[in-house]
Amino acid sequence: MYQSILQFIEKDIIEVEKIMGKILTGEKDADDLSQEVVTRLNSLACRWISEMYEKLDDTIRESVARKKKWNIEQRNEPKELLDIAGTLRFTRTGYEDKRTGKYIYLLDRILGIEGHQRITLGAAAKILEETVLTSYEKGGKAASPTDVASKQAVKELVHGTIIDFPEPEAEEKKKLRYLHIVADEDHVSAQFWNVKGDLQRNEKGNKINTIISKVIVVYEDLINESGEQSKNPRYRLVGKKTFSGVHKGEAENYRFWEKVRDYIEKTYDMDVLEKVYIAGDGGAWIKAGTEIIENSRFVLDKFHMMKYINTSVAHLLDSADDVKSEIWECVNGADRKGLKEVYQRILDVTEPGNKYREVESALGYLLNHWSGIKIRVEEPGGCWKCCAEGQVSHILSARMSSRPMGWSEWGCHQMSQLRAYHENGGKIIDLLRYQKEKKVQEQHRQEQEELIQELRRKQSGWDYAEQTRAVIPGLEQHSLKWLKALIEEGLGAFDKSILYSRGLI
């Protein structure tokens with residue numbers, strides 16, 4: 001096991017000492033020494049880990065318990081894994097299960113490595129952590145100090161990761177009267193939907209290449225961290241929880257909101273929570289949240305109102321500010337009649353054409369969402385500073401649409417979810433470990449069901465006494481020796497909990 005250490009002592013240290021000598025002659029400097037030491041230590045780490053894996057493989061091969069259940073089929077089968085230390089290269093033994101005839105690498109099962117796996121969980125976590133923030137290319141470079149994962153490998157990792165981490169039930173649920181939600185979307189450029197070349201064109205010949213990624217942010221309060229007197233306020237959301245993804249179609253959108261609902265019910269005391277205010281631009285997918293979340297109310301957010309109001313008066317030149325103030329006075333006073341009168345005066349001085357239609361559209365927008373405007377005025381929890389656009393920019397646009405890049409629909413969905421998971425403070429390594437545990441549990445469940453079906457087929461010809469003994473093993477015994485015997489059938493050389501989690505017992 002210590003050949004790698006001996007090699008380091010006999011060869012690598014000598015090479016490092018040579019660098020020291022060259023520093024004294026001026027041929028090298030301190031940075032050269034540091035780089036040489038780091039490179040050789042990384043190489044030592046890879047050799048040492050690989051050597052320990054091979055030693056473990058030897059131990060498995062010589063195990064008495066192994067010889068009872070598995071026959072050796074092939075020795076010295078090579079395996080490469082990209083690890084946080086670098087690329088691990090080692091050999092292991094292939095076996096045939098005496099009962100099922102299946103081919104298996106017991107070392108891989110003990111280590112928790114899947115047959116097609118080429119990247120360890122640790123390296124995968126580093127790749128994803130960097131990819132979520134920057135790019136596929138930089139994510140590949142973050143895998144280890146010495147080796148790089150290809151952009152294709154990074155893409156497969158992003159596409160294949162299941163972003164599903166259980167939301168824990170709060171030990172003591174928070175008691176709040178009002179809760180706030182902002183919901184908005186980012187328009188992301190599609191390189192393709194599912195496969196390259198599948199983008200269609202509209203009647204004008206333009207490509208239909210916009211993916212809508214949604215973001216929902218739940219929060220409790222909004223505070224100004226720069227102080228009330230600051231001319232440049234900097235706001236922070238308190239108790240923030242982010243949800244994101246493409247969630248295309250009505251059914252998927254409902255499931256999206258159900259995740260939000262489940263989080264709220266697990267985190268807050270629903271007997272105390274009086275109102276949940278959902279702020280947005282009035283899109284159907286946003287208003288759908290009021291159908292799912294108890295005691296929720298839709299509020300038209302100020303940012304989108306401002307966009308339409310500014311468009312309405314842009315052509316009025318010197319009188320634009322005065323008319324805009326009148327519109328805001330009507331909006332903030334929930335004066336529907338007054339709003340119509342102001343807009344009629346604007347239309348009277350607007351020439352027919354595109355601008356006229358823009359003004360009509362703005363008035364229609366405000367009137368269609370009038371209930372969402374009234375809530376801002378009439379309910380104490382409804383009037384809140386708008387932060388939707390900032391959340392979209394920070395969570396989605398900064399990574400996915402602020403620079404020229406194209407996505408597939410699934411890649412966009414996955415990256416949106418990963419960005420939200422990261423924003424919530426989740427650790428990628430925990431996500432990957434949970435995903436792996438679920439997969440192992442699923443394999444156990446399938447194996448158990450197959451065994452039960454086989455027993456039922458065999459059981460059909462037994463008499464009642466035989467059936468009873470089959471259902472309750474060891475019934476005729478007066479102790480639990482039968483259970484101990486079953487456990488001892490596993491690889492006795494290893495911890496039983498590890499063997500169970502790897503599917504060996």
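**View 1. The lining of the second largest pocket holds 12 nonpolar, 12 polar and six charged residues.** In this count Ala, Val, Leu, Ile, Met, Phe, Trp, Tyr, Cys and Pro are nonpolar, Asp, Glu, Lys and Arg are charged, and the others, Gly among them, are polar. The model is predicted, so local features need pLDDT of at least 70 and side-chain atom pairs count only at pLDDT 80 or more, while totals for chains, interfaces and linings use all residues. Residues are numbered from 1 along each chain as its sequence is written, and side-chain values use heavy atoms, with hydrogens and water left out. Of the 30 lining residues, I163, F165, E167, K241 and F243 lie nearest the centre of the pocket, where a pocket is an open set of points on a 1 Å grid over the protein atoms alone, where a 1.4 Å probe fits, with protein on both sides within 12 Å along at least five of seven lines, and lining residues have an atom within 4 Å of a point.

**View 2. T161 is buried, with a relative accessibility of 4%.** Buried means under 20% relative accessible area, found with a 1.4 Å probe on protein chains only. Leaving aside residues up to four places away in sequence, T161 touches L128, Q414, L431, L432 and Q435, a contact being heavy atoms within 4.5 Å.

**View 3. Strand 9 (residues 275-280) is largely enclosed by the rest of the structure, because five of its six residues are buried.** Strands are DSSP runs of E with at least two residues, numbered from the N terminus. Strand 9 runs parallel to strand 4, to which five bridges join it, and two strands pair if DSSP finds at least two bridges between them.

Conventions. Buried < 20%, exposed > 50% of the residue type's maximum accessible area, 1.4 Å probe, protein only. Helix = DSSP H or I, 4+ residues; strand = E, 2+ residues; numbered from the N terminus.
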